[in-house]
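I opened this notebook to record what I looked up in the structure, entry by entry.

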Amino acid sequence: MGKQDASTAQSAFAFQAEPYPVEQGTVYWITGLAAAGKTTVATKLCEHLRRSGRPAVLLDGDRLRAVLGAEAAFAPEERRRLAMTYGRLCRELAEQGIDVVCATISMFHAVREWNRAQIDRYCEVFLRVPFDVLRRRDPKGIYARHELGEQKQVVGQDLEPELPRSPDLVIDNDGAMTPDEAVDLIVKAACDPARAVA
Ligand SMILES: Nc1ncnc2c1ncn2[C@@H]1O[C@H](COP(=O)(O)OP(=O)(O)OP(=O)(O)O)[C@@H](O)[C@H]1O
Ligand SMILES: [Mg+2]
């Protein structure tokens, strides 16, 4: 290879090495107690984002537990570690340009504070539902089993939740609005820097 060829090859390499610009994705952190409607609303939000042309992934607590082999990790410290893992995973994906919808209880101030400090586009949504509605819904029978003494470490029962202190959006997801209406609110209000309560 002649001198000229070598310099051409070098500049071609330098051109290729230029990083491809990536627009950060948004992390939608959908939180609430068991049966608050996280999976329902998060699934619809993710579909909405995809229909809008966004690359979007849904990270759902139950499925993440299965992926990580953590189906039985319900003690507070295990929950905290899992929640931190979810936050880090969300950031990793968002930094590569993907919108992430994460449906998780993860009732820890420290985890949400980490998210807000470490994730550029972070949108925290709290699905607030009174206990009587949660117990009536109870599709997995969690609250019923807890009442019978068959299940322990239930957040909001024998585990004290650290409820979100400064979410971008609070939705009273008690059945007064449909999940689609909740998604509309998230899309319209949650990314607005002015905080909203629905
Ligand atoms: N806006 C709504 N109106 C009426 N019912 C709803 C609404 N949102 C969710 N639900 C119902 O509440 C139940 C619980 O919803 P979902 O499974 O999405 O909750 P979750 O927060 O993901 O619970 P978990 O923490 O146990 O995974 C479901 O039967 C769902 O159909
Ligand atoms: Mg769920």
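How many nonpolar, polar and charged residues does the shell around ligand 1 have? I found nine nonpolar, seven polar and four charged residues in that shell, where Ala, Val, Leu, Ile, Met, Phe, Trp, Tyr, Cys and Pro count as nonpolar, Asp, Glu, Lys and Arg as charged, and the others, Gly among them, as polar.

Conventions. I noted that this is a predicted model, in which local features need pLDDT of at least 70 and side-chain atom pairs count only at pLDDT 80 or more, while totals for chains, interfaces and linings use all residues. Residues are numbered from 1 along each chain as its sequence is written, and chains are lettered from A and ligands numbered from 1 in the order in which they are written.

Ligand 1. I listed 20 residues surrounding ligand 1, the closest being Ala34, Gly37, Lys38, Thr39 and Thr40; a residue is near a molecule if its C-beta atom, placed from the backbone, lies within 6 Å of it. The elements that give two or more residues to this shell are α2 and α8 (179–190), and α2 supplies the largest share, three residues.

Overall fold. I counted eight helices and six strands in the protein chain, taken as DSSP runs (helices H or I, at least four residues; strands E, at least two) and numbered from the N terminus. Their order from the N terminus is α-β-α-β-α-α-β-α-β-α-α-β-α-β. Of the 198 residues in the protein chain, 33% are buried, a term that requires 20 or more other C-beta atoms within 10 Å of a residue's own, against 12 or fewer for exposed and a value in between for partly exposed, with C-beta atoms placed from the backbone. Among contacts between residues at least 6 apart in sequence, 78% join residues at least 24 apart, a contact being two C-beta atoms, placed from the backbone, within 7 Å.

Core. I then looked at the largest nonpolar core, which has 42 residues; such a core is a set of buried Ala, Val, Leu, Ile, Met, Phe, Trp, Tyr and Cys residues joined through C-beta atoms within 7 Å. Val27, Tyr28, Ile30, Leu45, Val101, Cys102 and Val125 touch the most other members. Leaving aside neighbours within four places in sequence, Cys102 is in contact with Val27, Tyr28, Trp29, Ile30, Leu59, Tyr86 and Cys90.

Alanine 35 is in the loop between β1 (27–31) and α2 (38–51), and serine 106 is in the loop between β3 (99–103) and α5 (109–118). Why do I call alanine 35 buried? Alanine 35 is buried because 24 other C-beta atoms lie within 10 Å, and serine 106 counts as buried because it has 23 C-beta neighbours inside 10 Å.

Helix α5. I noted that Val111, Arg112 and Asn115 are buried in α5. They lie on the same side of α5 because they cover an arc of only 95° around the axis, the arc being that of the directions from the helix axis to the C-beta atoms. The face turned away from this buried side carries the exposed residues His109, Ala110 and Ala117. Among what covers the buried residues of α5 are β1, α4 (76–94) and β4 (122–128).

Lysine 152. I placed lysine 152 in the loop between α7 (142–147) and β5 (169–172), and it is exposed, with 12 other C-beta atoms within 10 Å. Lysine 152 and alanine 75 are 77 residues apart in sequence and 9.3 Å apart in space, C-alpha to C-alpha.
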